Every structure is written in structure tokens, then in C-alpha cells.
Amino acid sequence: METVLKICKKCGRYLGSCLLDSKTHDADCGGELIDTGISHDELMIIRKISPDNSFLDAMIDLKEKDIIEYNLKMSQFKAQLQQQKSSTPQTGSTVRCPKCGSTNITAGQRGYSLLTGFVGSGSTVNRCANCGHKWKP
């Protein structure tokens, strides 16, 4: 069973599943807790879109008044968050210089040498633009 977010009628504070069986929020406030109908997973999605409490209130109202529109909005939010997650660059695939750790790397041909001449000049090497270190890819 998925836990539902509760709100204190007196102070307006949103409370999670730790107080599911409680009727009041705490001894200082003593406000009555009411169910919002929003699950913890839905809350996390809504909070990632906007941390504003008025946005959360609007989504709670939308769920009560038009569940179809609410579900449509939630699926759009999920798609938006998934797209943002997939568009962020992966740090594991970034090439770094083994000597200084810089990401300012160029790849090119090995070049001509006075000792070996053109032998091996066709092989590709990575060069760090920061420290000049060369290594094979």
C-alpha cells in the first residue's frame, strides 16, 4: 500500500508517512491532520518540478477535481524529468588526462620523429592541452 501525504489544518505543514496513524501533528501545534491524496512518489515528482507549496496545493486540488487531467500532468512531469536525466552528460565517459586530470584533450596523428622518421606516424595519440602529456587512446 502506498503511503499518502498528510497536511496539518492548523499550520499548513505537509507531513509524510511517519504520522499515518496520528490524528494531530505534534504537541505544540495540535492541528488536525488530513489526507491530501498525494503519494510520496508523486510528491517527489512534484517537488522536482517546483518546490513551491502553492504549486503543490494546486496539484492536490487538481487531483481532487479532475483526476484525468492530474494523471496527464503527472505523466508529462515524469517524461520531462526523464528527458532532463538523459540529457545530462555522463561523467564516466569523459576522457581525462592521466597525468593532470584535465578534460581539455585533443586527438591526432603521432607525427614525425627525428629518431624513427615516419615509422608509427599514422597511429593516433591523445594529447592534453593543459600539460602536454601524450598517450595512446
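The structure is a predicted model. The protein contains three helices and six strands. Read from the N terminus, its elements follow the order β-β-β-α-α-α-β-β-β. Of its 137 residues, 26% count as buried.

In soluble globular proteins, nonpolar side chains tend to be buried together. In this model, the largest nonpolar core has 14 residues, and those that touch the most other members are Ile-38, Ile-46, Leu-56 and Met-74. Strand S1 (4-8), helix H1 (40-49), H2 and helix H3 (67-87) each give two or more residues to this core. The greatest contribution is that of H3, with four residues.

**Charged residues**

A search of the whole structure finds one salt bridge. It joins Lys-63 to Glu-42, with 3.2 Å between the closest N and O atoms. Lys-63 belongs to helix H2 and Glu-42 to helix H1, so the pair ties together parts that lie 21 residues apart in sequence. Glu-42 has a relative accessibility of 18% and counts as buried, because the limit for a buried residue is under 20%.

Negative charge also gathers on the surface, where Asp-52, Asp-57, Asp-61 and Glu-64 form a patch. Of these residues, Glu-64 is placed in helix H2, which spans residues 53-65. Glu-64 has a relative accessible area of 57% and is therefore exposed, since the limit for an exposed residue is over 50%.

**A buried glycine**

Gly-31 is found in the loop that runs between strand S2 (14-15) and strand S3 (33-39). With a relative accessible area of 3%, Gly-31 is buried. Gly-31 and Ile-7 are separated by 24 residues in sequence, while their C-alpha atoms are 9.2 Å apart in space.

**Accessibility of the residues discussed**

| Residue | Relative accessible area | Class |
|---|---|---|
| Gly-31 | 3% | buried |
| Glu-42 | 18% | buried |
| Glu-64 | 57% | exposed |

Methods
Residues are numbered from 1 along each chain as its sequence is written. This is a predicted model: local features need pLDDT of at least 70, side-chain atom pairs count only at pLDDT 80 or more; totals for chains, interfaces and linings use all residues. Side-chain values use heavy atoms; hydrogens and water are left out. Patches are made of residues with over 30% relative accessible area and no salt bridge: like charges are joined within 9 Å, nonpolar side chains (Val, Leu, Ile, Met, Phe, Trp, Tyr) within 5 Å. Accessible areas come from the Shrake-Rupley method with a 1.4 Å probe; for residues, only the protein chains shown count as cover. A salt bridge is a side-chain nitrogen of Lys or Arg within 4 Å of a carboxyl oxygen of Asp or Glu. Lys and Arg count as positive and Asp and Glu as negative; His and the chain ends are not counted. The place of a charge is taken as NZ of Lys, CZ of Arg, CG of Asp or CD of Glu. Buried means under 20% relative accessible area, exposed over 50%, partly exposed in between (1.4 Å probe, protein chains only). A nonpolar core is a set of buried Ala, Val, Leu, Ile, Met, Phe, Trp, Tyr and Cys residues joined through side-chain atoms within 4.5 Å.
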